[in-house]
Amino acid sequence: MRSLIAAELLKLRTTRMLAVCVGVVALFAAALPIFSGAVAGRRGEPTLVPSSLADFLHAPAQLTGGVVLLVGLLAAAGEFRHRTIFPARLEEPRTTRLLAAKLITLAAVGLVVGIAMEAVATLAGTIVLARHHIAVEPLAHGIPRLAVILPAVIALQGILGVAIGALLRNTAAAIGATLVWAFIIEGILPVVTNQPHLTNWLPSGAIREITSNHTPAGQLVPVAAAAVLLAYSAVLVTATAILDRSREI
Amino acid sequence: MAQIEFHELTKRYGQVIAVDRLTLSPRPGRITGFVGANGAGKTTTIRMLLGLTRPSSGTATIDGRPYAELRDPLRSIGAMVDPNVFHPRRTGRNALRVIARAADIPEARVDHVLALVGLTNAARRRAGGYSTGMRQRLALAAALLGDPDTLVLDEPANGLDPEGVHWLRGLIKSLAADGRTVFVSSHLLAELAQTIDDVVIIAQGRLITHEPVSGLLARADSASLEDVYLELTQSLTDSRIKETS
C-alpha cells in the first residue's frame, strides 16, 4: 500500500494540476485579508476587529475544499480519460487497493493543502491586522477549533472527489454532476420536499455546519454534520469499490 | 518461468462471441505468435489474461493463477496492451517512474529500460509529444520494467516505421535469447514469420492451430505463413457463411 500511495503522490507531482490548484488557493488565502484590509470601513464595509482573523481563515476554506474536490475528481476520472488506468491495473490488479491508495493520497493532500491555506491566511491576516493596529488573538474567536476542523473537512472533500471521479470514470460527467448536485439539486430538494432544514442534511449544508461557530435552532451541531458528511463519503466510496470490482475497463 | 494457460476461454458481448472456448498454452522459453484478423479475438484474449476484461466462461491463468491473484505481477509478466496509456503532460521517464514506484522497482531500472528501447534522449520530453513509434517503445519499456521472464505484447509493431519494425524484431529475439517466453499478437504475418518459433492462429474467436511455424509450413508444403494462414482461415470463413445463409 505504501508503494501505491507513493506512486499516487508521484502522479500528482509530475503534472501541473496540483501545483496550479495549490497556487490558486494560496493566492486567494493571501489576497482575501489584504483586500479586506484595503476596503475595511469604506462604503459600509465592516471594520476590522480581532475576530476578523477567524473570518480570514474561514472564508477561503470553501474554495480550498472545492479545489481539493476537483483535484480528487480529476485524479480519479483522469485515469480513464488518459487511459493510465491500464498500467495502474497492471501494477495492482486488486481494484480496492488501487482505490484505497488514491483515497488516502487525496485525503493527505487535502490535509496538507488545508494546513497550507490556513498558514497563508493566518500570516496575511496577522500582517493586515497588525498594520491596522488591531490585536491579533490566534487562540480566541474559535480559531484553534477552525484550525483543526478545516483541514479535516478539506481532506474529506478530497475523498469525495476521488469517489465521484472513480464512480463516473469521466471527467466532464464528474464535474458536471458535482456542479448540478451542489448548485441545483441541493437548492431544489428542500423546496420540492417543503423541508427547508433538509439542506443541513445534504453535503454542502453539512460542510457549512461543521465549520460554523454557532448553531441556530433547526441546524445540525458540528459533530452531527461531520457524521452526515462521513456517511455520504462512506456510501460513495463503498458504491465505487463495489462497482469497480465488477466493471471492466 | 511463468506458464500462460487458456482453458475453454470464452467471451461474449451480447450475441457476439469474441472468443470461443479457446484452449492453449504457449510453450515456455519460446516466441509464440498469436495471429488472427482484426476482430478475431486476439486483444480480448490478452485482456482477459491480464484481468482487464472478465471472461464469460473458462479461465486464463499465469502459473495456475488469474492475473489478479499474482503477488508481484510486473515481475512475473510484462504486458503491452496499448501504446496510448501515458498521461500526455507527464514525461516518458516520469511515466515509467510512476509504474516503478507502484511496483517497488528501483529507479535505476527506469533508465535502463529507456536505454533498451532507445528513448534515453527523449526521456525528459512529454509523452503527449511522442510519435506513435515512440509511444510503442515507451509501452514496451513499461512492459520490461519488472524484468519479467514472460512478455505479452499486443500488436507491438503497429505504427512502427520499417526501421522500428526491424529494431523490434531484434529486441524480441534478444529477449527470447535470454530465456524469456514471448507471446506476441499481430496481423503482420510476413513480419511475424521472421521472429516467432510457434504460431497460434485464431479466427472468429476459435483456435485454428497451435504448432511450431516450421512444422506448419512443412505440413502445408508452403514457404509462406501468410498463404497457410489464408488457407486455414478461409475454410472457417466459408463454413460460417454457409451456416448463416
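Visitor: Let's start with chain B. What radius of gyration does chain B have, and what would a compact globule have with 245 residues?
Guide: This is a predicted model, so keep that in mind. Chain B has a radius of gyration of 18 Å. With 245 residues, a compact globule would come out near 18 Å, so the two agree.

Visitor: What box do its C-alpha atoms fill?
Guide: Along the principal axes, the C-alpha atoms of chain B fill roughly 55 × 35 × 30 Å.

Visitor: How much of chain B is buried?
Guide: Buried residues make up 48% of its 245 residues.

Visitor: And how many helices and strands are in chain B?
Guide: Chain B has 9 helices and 9 strands.

Visitor: Do tell me about the sheet. Which strands form it, and in what order?
Guide: 6 strands of chain B form an open sheet. The order is 5-6-7-3-8-9, and the pairing is mixed.

Visitor: Which strands stand at the edges?
Guide: Strand 5 (77-80) and strand 9 (206-212) of chain B do. Each has a single partner strand, so one side of each is left without a neighbour in the sheet.

Visitor: By how many degrees are neighbouring strands turned against each other?
Guide: By 15° on average, with direction ignored.

Visitor: What holds strands of a sheet together, in general?
Guide: Strands pair through backbone hydrogen bonds, either parallel or antiparallel.

Visitor: Back to this one. Do strand 3 and strand 7 of chain B run parallel or antiparallel?
Guide: They run parallel. Take Phe34(B): its bridge partner in strand 7 is Ser185(B).

Visitor: Which strands does helix 5 of chain B lie across?
Guide: Helix 5 (residues 132-144) lies across strand 5 and strand 6 (150-154) of chain B. The helix runs at about 165° to strand 5.

Visitor: And helix 6 of chain B, which strands does that one lie across?
Guide: Helix 6 (residues 162-177) lies across strand 3, strand 6 and strand 7 of chain B. Its angle to strand 7 is about 155°.

Visitor: New topic. Which residues have the most contacts inside the largest nonpolar core?
Guide: Val71(A), Leu96(B), Leu138(B), Ala141(B) and Leu145(B). That core has 142 residues.

Visitor: Pick Ala141(B). What is it in contact with, leaving aside neighbours within four places in sequence?
Guide: Ala141(B) is in contact with Leu96(B), Val113(B), Leu114(B), Leu116(B), Val117(B) and Leu119(B).

Visitor: Now chain A. How many helices and strands does it have?
Guide: Chain A has 9 helices and 0 strands.

Visitor: What is its radius of gyration?
Guide: Chain A has 19 Å, close to the 18 Å that the globule rule gives for 249 residues, so it is as compact as a globular protein of that length. Its C-alpha atoms fill a box of roughly 60 × 45 × 30 Å along the principal axes.

Visitor: How much of chain A is buried?
Guide: Buried residues make up 42% of its 249 residues.

Visitor: Last bit. How many residues are in contact between chain A and chain B?
Guide: 22 residues of chain A are in contact with 28 residues of chain B.

Visitor: Which helix of chain A gives the most to that side?
Guide: Helix 1 of chain A, with 6 residues. By class, the side of chain A that touches chain B has 9 nonpolar, 5 polar and 8 charged residues.

Methods:
Residues are numbered from 1 along each chain as its sequence is written. Chains are lettered from A and ligands numbered from 1 in the order in which they are written. This is a predicted model: local features need pLDDT of at least 70, side-chain atom pairs count only at pLDDT 80 or more; totals for chains, interfaces and linings use all residues. Helices (H or I, at least four residues) and strands (E, at least two) are DSSP runs, numbered from the N terminus. The radius of gyration is taken over C-alpha atoms; the globule rule is 2.2 Å times the number of residues to the power 0.38. A residue is buried if 20 or more other C-beta atoms lie within 10 Å of its own, exposed if 12 or fewer, and partly exposed in between; C-beta atoms are placed from the backbone. A nonpolar core is a set of buried Ala, Val, Leu, Ile, Met, Phe, Trp, Tyr and Cys residues joined through C-beta atoms within 7 Å. Two residues are in contact if their C-beta atoms, placed from the backbone, lie within 7 Å. Ala, Val, Leu, Ile, Met, Phe, Trp, Tyr, Cys and Pro count as nonpolar, Asp, Glu, Lys and Arg as charged, and the others, Gly among them, as polar. Two strands pair if DSSP finds at least two bridges between them. Axes are lines fitted to C-alpha atoms, for helices over the stretch in contact, and angles run from 0 to 180 degrees between N-to-C directions.
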